[in-house]
Amino acid sequence: MGQSAFEGCTEYCGFLAAVCAIFTWGSFAVPIKMAKAKRQTNDDGSSSSSPPPEVNFLVMQSYKTLVCFLTCWLVVFLGEEIRFSYWGIVSGLFWVPGAAAGIYGIRTAGLATAVGTWSAIQVLTSFVF
């Protein structure tokens with residue numbers, strides 16, 4: 001394959017990636033929380049006490065996994081070659097149940113508490129490994 005688009009990248013590529021991460025990392029959780037907080041409005045303008053139906057957290061995790069799988073191939077178009085690693089399988093074995101637990105945590109503990117907890121654990125785990 002030819003030269004990667006990342007070969008000539010400077011520190012500005014890192015800054016661009018950080019800005020993208022600010023807007024995309026964790027944004028999947030906002031619709032989960034909004035669905036719980038949103039109340040249905042009646043025709044007369046009053047709101048009912050029943051929230052809209054919630055999607056099962058395993059179904060939501062399946063949607064998130066599918067989107068991650070489909071978008072991970074975008075780097076191939078930028079010139080990166082495909083490399084297989086068994087660590088990817090191990091990572092997936094941790095990521096799927098962890099992310100499903102995160103979605104469940106958002107629904108039960110709230111967005112700020114759940115994200116704050118798993119972010120701290122993620123930083124500590126990354127530091128150790």
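The model is predicted.

Start with the fold. The protein has five helices and zero strands. Of the 129 residues, 13% count as buried. Now take the contacts with a sequence separation of 6 or more. Residues 24 or more positions apart account for 67% of them.

Helix α1 comes next. It covers 11-24.

The cysteines form the next stop. A disulfide is a covalent bond between the sulfur atoms of two cysteines. The structure holds one. Cys-9 and Cys-13 make this bond, with their sulfur atoms 1.8 Å apart. The cut-off for such a pair is 2.5 Å, so the pair qualifies. The torsion about the S-S bond is about -95 degrees, and the disulfide is therefore left-handed. Cys-9 has a relative accessible area of 28%, which makes Cys-9 partly exposed. Cys-13 has 32% and is partly exposed too.

What of Cys-68 and Cys-72, and how far apart are their sulfur atoms? The sulfur of Cys-68 has its closest cysteine sulfur in Cys-72, 8.3 Å away, which is too far for a bond. Cys-72 is accordingly in no disulfide, with Cys-68 holding the nearest cysteine sulfur. Cys-68 counts as partly exposed at 36% relative accessibility. Cys-72 counts as partly exposed at 40%.

Now a lysine. Lys-64 sits in helix α3. Is Lys-64 buried or exposed? Its relative accessible area is 15%, under the 20% limit, so Lys-64 is buried. Set aside the neighbours within four places in sequence. Lys-64 is then in contact with Phe-28, Trp-95 and Ala-99.

Trp-95 leads on to the pockets. The largest pocket holds about 1100 Å³ of space. It is lined by 30 residues, and those closest to its centre are Trp-25, Phe-94, Trp-95, Trp-118 and Gln-122. Which helices build the lining of the largest pocket? At least two residues each come from α1 (11-24), α3 (57-71), α4 (86-109) and α5 (111-128). Helix α4 gives the largest share, 12 residues. By type, the lining divides into 16 nonpolar, 13 polar and one charged residue.

The second largest pocket contains about 360 Å³. Its lining includes both Cys-68 and Cys-72, the two cysteines set 8.3 Å apart at their sulfur atoms. Thr-71, Trp-73, Val-75 and Val-76 also line this pocket. So do Ile-82, Arg-83, Phe-84, Ser-85 and Gly-88, which are the other residues of the lining. Seven of the lining residues are nonpolar, three are polar and one is charged.

How values were computed:
Residues are numbered from 1 along each chain as its sequence is written. This is a predicted model: local features need pLDDT of at least 70, side-chain atom pairs count only at pLDDT 80 or more; totals for chains, interfaces and linings use all residues. Side-chain values use heavy atoms; hydrogens and water are left out. On a 1 Å grid over the protein atoms alone, a cavity is a set of points where a 1.4 Å probe fits but cannot get out, and a pocket is an open set with protein on both sides within 12 Å along at least five of seven lines; lining residues have an atom within 4 Å of a point. Grid points are joined across faces, edges and corners, and a volume is the space filled by probe spheres set on the points. Helices (H or I, at least four residues) and strands (E, at least two) are DSSP runs, numbered from the N terminus. Ala, Val, Leu, Ile, Met, Phe, Trp, Tyr, Cys and Pro count as nonpolar, Asp, Glu, Lys and Arg as charged, and the others, Gly among them, as polar. Buried means under 20% relative accessible area, exposed over 50%, partly exposed in between (1.4 Å probe, protein chains only). Contact means heavy atoms within 4.5 Å.
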